[in-house]
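The structure comes next, and the text follows it.

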Amino acid sequence: MPELRKDPISGRWVIISIERGKRPSDFGMRISPKKGGFCAFCAGNEHTTPPEILAFRPDKGAPDTPGWSLRVVPNKFPALHVEGKENRVGEGIFDKMNGVGAHEVIIENPDHNLTLSSLPLKSVEDTLWAFHQRMKDLKQDDRFKYVLIFKNEGDEAGASLEHSHSQLIALPIIPHLVQEEIYQAKQYYGYKERCIFCDIIHQETANKSRIIFENDEFVSLAPFAPRSPFETMILPKKHESSFLLNNNFNMLAEIIQKTLKQIDKGLEMPPYNPMIHTSPFHDETNNYYHWHIEIIPKLTKIAGFEWGSGFFINPTPPEEAAKFMREAEI
Ligand SMILES: [Zn+2]
Ligand SMILES: [Zn+2]
Ligand SMILES: [Zn+2]
């Protein structure tokens, strides 16, 4: 019997409908092998990207030359433009504003052939520091209300360049999905006076069936009502409302990489999108919202039913996914 489950954080319902006999590796979505060829993100081609905004250079070389271990550059084809004012205006009952924002690319490592799961751990940690530094800097710009950090791994998940990189977009509005989570979290706090994420962590770490990994500071788990097979959430165990308040990136890098290695191993390199959800700048410290990373493997197609209903149909129960990920041998 299929099961309807409600996600208490987003308020969204999903259908868990087990396709019998389907093993995780049967989904058949794989990252295509890297083809090589000219790459603007490789060392030696720095002049082909816009000038760097930030770089980690262990040997203190000049900007836009080789010798870096991580580089942040503006996106050459930005979704939003960094110059100008928002100019929010009404047009009858409609609202519009200029597409101002920052769109940056974080090149995680000079090596073309690595992925976030195969990078040296130090590179993952540096990547998190780069996110932190850029977010802190963009916060100074009062046009921006939120910074969304995400990654497209594999062209099926939206990656247009094969060299491993993450992206950030600073936005003049708070994204709808984040607003929904904040709304639900506030409601919950309103009658329980507890953070819903803290309560979930408490319950899940006691119950264990949906826990993937834990270390002293973080937990990685399969949500109770996931939209996609092997959807994963990584959260700080202690209450923390904003990613900007964290600096424990060694431990975070460790759990991210361990989780991604299991996803790669178990699902044979599926495409996926990791993203960070955090409190908006204007409300950085609060008791009800708890920053987290969501990782959504791209294994199923979004079709008419999903578009029309907002329901997702997930063929893999999270208990099974978590068990599989705990046990997949690296
Ligand atoms: Zn490259
Ligand atoms: Zn919390
Ligand atoms: Zn979220």
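In this predicted model, the lining of the largest cavity draws at least two residues from each of α1 (121-139), β8, α4 (249-267), β13 (272-277) and β14 (292-297). Helices here are DSSP runs of H or I with at least four residues, strands are runs of E with at least two, and both are numbered from the N terminus. The top contributor is α1, with four residues.

Some ground rules apply. Residues are numbered from 1 along each chain as its sequence is written, while chains are lettered from A and ligands numbered from 1 in the order in which they are written. Local features need pLDDT of at least 70, side-chain atom pairs need pLDDT 80 or more, totals for chains, interfaces and linings use all residues, and side-chain values use heavy atoms, without hydrogens and water.

Cavities and pockets are found on a 1 Å grid over the protein atoms alone. In a cavity, a 1.4 Å probe fits but cannot get out. A pocket is an open set of points with protein on both sides within 12 Å along at least five of seven lines. Lining residues have an atom within 4 Å of a point. Points are joined across faces, edges and corners, and the volume is the space filled by probe spheres set on them.

The structure has two cavities of 30 Å³ or more.

| Space | Volume | Lining by class |
|---|---|---|
| Largest cavity | about 170 Å³ | 13 nonpolar, two polar, one charged |
| Second largest cavity | about 30 Å³ | six nonpolar, three polar, one charged |
| Largest pocket | about 710 Å³ | 13 nonpolar, five polar, seven charged |
| Second largest pocket | about 400 Å³ | 15 nonpolar, three polar, ten charged |

Nonpolar covers Ala, Val, Leu, Ile, Met, Phe, Trp, Tyr, Cys and Pro; charged covers Asp, Glu, Lys and Arg; the others, Gly among them, are polar.

The lining of the second largest cavity includes Met 135, Lys 145, Tyr 146 and Phe 281.

The second largest pocket has 28 lining residues. Asp 7, Pro 8, Ile 9, Ile 200 and Phe 224 are closest to its centre. At least two residues each come from α2, α3 (196-207) and β12 (232-236). Here α3 gives the most, with six.

Glu 181 counts as buried because its relative accessibility is 5%. His 277 is buried too, at 4%. Buried means under 20% relative accessible area, with a 1.4 Å probe and protein chains only.

His 163 sits in the loop between β8 (146-150) and β9 (165-171). His 163 is buried, at 1% relative accessibility. A polar atom of its side chain lies 2.8 Å from the backbone oxygen of Asn 109. Leaving out residues up to four places away in sequence, His 163 touches residues including Lys 34, Cys 39, Phe 41 and Asp 111, where contact means heavy atoms within 4.5 Å.

How values were computed:
Buried means under 20% relative accessible area, exposed over 50%, partly exposed in between (1.4 Å probe, protein chains only). A polar contact is a pair of N or O atoms within 3.5 Å; within protein, one must be able to donate a hydrogen and the other to accept it, and residues adjacent in sequence count only if both atoms are side-chain atoms.
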